[in-house]
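Please read them beside the sequence and the structure.

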Amino acid sequence: MTKRQKELQKHLIKVCHTLKANKFPDDDTRKDYLYMTYGVESLSDMNIDQLKEFAVYLGYGRKNKAKPANKEKAENDVSKATQRQIDTIEGIWFRIAREKTDFALRNYINRIVGYRPLYLRFLSRDEAQKVINGLLQMQRSWNEKGQ
């Protein structure tokens, strides 16, 4: 092995040791997996290709799926409720509700989707649409009563 290959091997071993907790609860389980999959008992016995494969299995090189760090990206997230949906929910609620408070709106949303969002923007688009449909039904019955 060349010096560069040894450095790469050391790096990959460090990466594997760092990420091993993602897949394995203890070292015995990890060692059993290594023996069953690669026929080795230690990471130092593996070649570079095996180390790369094992590191990818542990999650190395995958893009982080964490939430966007800045507000602009979070607002453009396609899975979250749009501003138009939020405005519609608030507009209908504050026009027809008996108790026109934010807490009462959160309680209504809880009945529809099963949890109270801290902010309406935390609703998904599907959840926001369910709330809008429920509010529209409530508005129709409110209009039929002639209030």
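1. Leu-43 is in contact with Ile-13, Cys-16, His-17, Arg-30, Leu-34, Leu-51 and Phe-54, once its neighbours within four places in sequence are left aside. The model is a predicted one. Leu-43 belongs to the loop between H2 and H3. Its relative accessible area is 2%, and because buried means under 20%, Leu-43 counts as buried.

2. Leu-43 can also be placed relative to Gln-9. The two residues are 34 apart in sequence, and their C-alpha atoms are 9.4 Å apart in space. Gln-9 is one of the H1 residues that meet H3.

3. With a relative accessible area of 6%, Arg-30 is buried. Leaving aside neighbours within four places in sequence, the contacts of Arg-30 are His-17, Lys-20, Phe-24, Leu-43 and Phe-54.

4. How many salt bridges does the count come to? The count comes to two salt bridges. One joins the side chains of Asp-27 and Lys-20, at 3.2 Å from N to O. Another joins the side chains of Asp-27 and Arg-30, at 3.5 Å from N to O.

5. Is Arg-30 buried or exposed? Arg-30 is buried, at 6% relative accessible area, whereas Asp-27 is partly exposed, at 36%. Both Asp-27 and Arg-30 lie in helix H2, which covers residues 27-38. They are three residues apart, about one turn of the helix.

6. Next, the packing of H1 and H3. Helix H1 covers residues 3-19 and helix H3 covers residues 48-58; their axes come within 9 Å and cross at roughly 25°. Because angles under 35 degrees count as roughly parallel, H1 and H3 are roughly parallel to each other. Their crossing is left-handed.

7. Which residues of H1 and H3 meet? From H1 they are Gln-5, Leu-8, Gln-9, Leu-12, Ile-13, Val-15, Cys-16 and Leu-19. From H3 they are Ile-48, Leu-51, Lys-52, Phe-54, Ala-55 and Leu-58. Sorted by class, this contact has eleven nonpolar, two polar and one charged residues.

8. Last, the pair H5 and H6. The axes of helix H5 (residues 83-96) and helix H6 (residues 102-113) come within 11 Å, with a crossing angle of roughly 110°. That angle makes H5 roughly perpendicular to H6. The crossing of H5 and H6 is right-handed.

9. What makes the contact between H5 and H6? On the H5 side, the contact is made by Ile-89, Trp-93 and Phe-94. On the H6 side, it is made by Asp-102, Ala-104, Leu-105 and Tyr-108. By class, the contact of H5 with H6 has six nonpolar residues, no polar residues and one charged residue.

Conventions:
Residues are numbered from 1 along each chain as its sequence is written. This is a predicted model: local features need pLDDT of at least 70, side-chain atom pairs count only at pLDDT 80 or more; totals for chains, interfaces and linings use all residues. Side-chain values use heavy atoms; hydrogens and water are left out. Axes are lines fitted to C-alpha atoms, for helices over the stretch in contact, and angles run from 0 to 180 degrees between N-to-C directions. Helices (H or I, at least four residues) and strands (E, at least two) are DSSP runs, numbered from the N terminus. Angles under 35 degrees count as roughly parallel, over 145 as roughly antiparallel, 65 to 115 as roughly perpendicular and the rest as oblique. A crossing is left-handed if the near helix is turned anticlockwise from the far one by less than a right angle, and right-handed if clockwise. Contact means heavy atoms within 4.5 Å. Ala, Val, Leu, Ile, Met, Phe, Trp, Tyr, Cys and Pro count as nonpolar, Asp, Glu, Lys and Arg as charged, and the others, Gly among them, as polar. A salt bridge is a side-chain nitrogen of Lys or Arg within 4 Å of a carboxyl oxygen of Asp or Glu. Buried means under 20% relative accessible area, exposed over 50%, partly exposed in between (1.4 Å probe, protein chains only).
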